[in-house]
Amino acid sequence: MALRALLVSHDEFVEAAFQGAVRGVGAELEVSRDSKSALLAVEQTRFDVVLIDCDDVYGGASLLRSTRTSLPNRCSVLLAITNGGTHAADAIDLGANLVACKPITERAESELQRACKNMVGTQRANRRFSISIPVFLSFGQVLDRRAEAFNVSLGGLGIRVSEPIEGDDVVQLRCCLPGCAISIQARGEIAWADPEGNCGIRFMGMSDSSLSILSEWLQRAEEDVQAS
């Protein structure tokens, strides 16, 4: 699946530069030219990388914070593009992972590659393995709602739900990993979600026994991948 990026800018030179840059890294680029349409996009769609021209778009700096706190893009890589109106430290405080200063037209591809490396580095540190198992979620007044997990890592689970989890970001979960006789239990938070019912759960707490089971299973999965 191609990397998916969102550019928020109405600077035609910046847009042209990144349209060319995405071809160099095999990415797909969506463009929003104002904060209102961009906010709608980040609230409904998960992007791997979000590039925000903070000083070119009205409300661009505050859009950084809104993107970082949106469910679909809490874990996305955010690149703030500035022309001096927004200080780099402020952009980082608002949620940016990376900051690039204009003029950027000659550096668009290298900046996009930098954002991709940031994303890949995070993924490698928290490698996900595909699975297909039932997961039971409890939150609020809901007890043991069934979901389906599609990947797992030491940091969390990717799951599909038939109904959105509303009103609570913190959930209790239990599941049994393939080949394991004992289930693991954990407390987690909703890290991201999309309108199709996919969401990510970031582990917040787990017993030593559950952590041991998960770590050993992931180690075996890693060894199987290396042996294949």
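Which residue in E9 does Leu137 stand opposite? Leu137 faces Leu173. The model is predicted, so local features need pLDDT of at least 70, side-chain atom pairs count only at pLDDT 80 or more, and totals for chains, interfaces and linings use all residues. Residues are numbered from 1 along each chain as its sequence is written, and side-chain values use heavy atoms, without hydrogens and water.

Start with confidence. pLDDT is the predictor's confidence in each residue, from 0 to 100. The protein chain has a mean of 85, and 93% of its residues reach 70 or more. Helix H5 (residues 108-125) is lowest, at a mean of 69. Helix H2 (residues 35-44) is highest, at 93. Where pLDDT is low, the predicted coordinates should not be read in detail. Helices (H or I, at least four residues) and strands (E, at least two) are DSSP runs, numbered from the N terminus.

Now turn to strand E6 (residues 129-139). Strands pair if DSSP finds at least two bridges between them. E6 runs antiparallel to strand E7 (residues 142-152), joined by eight bridges. Pro134 stands opposite Glu148 in E7. Two residues lie between the strands of this hairpin, where Gly140 takes a positive phi near 55°. E6 also pairs with strand E9 (residues 170-175), again antiparallel, over four bridges.

Leu137 returns in the largest nonpolar core. Such a core is a set of buried Ala, Val, Leu, Ile, Met, Phe, Trp, Tyr and Cys residues joined through side-chain atoms within 4.5 Å. Buried means under 20% relative accessible area, exposed over 50%, partly exposed in between (1.4 Å probe, protein chains only). This core has 30 residues, of which Leu137, Leu157, Ile159 and Trp217 touch the most other members. Two or more residues come from each of E6, E7, strand E8 (156-160), E9, E10, E11 and helix H6 (208-227). E6 gives the largest share, six residues. In soluble globular proteins, nonpolar side chains tend to be buried together.

Two backbone details remain. Most residues other than glycine have a negative phi, and most peptide bonds are trans. Asp144, in strand E7, has a positive phi near 55°. Asp144 is partly exposed, with a relative accessible area of 33%. The peptide bond from Lys102 to Pro103 is cis, with omega near 0°. Pro103 is found in the loop between strand E5 (98-101) and H5.
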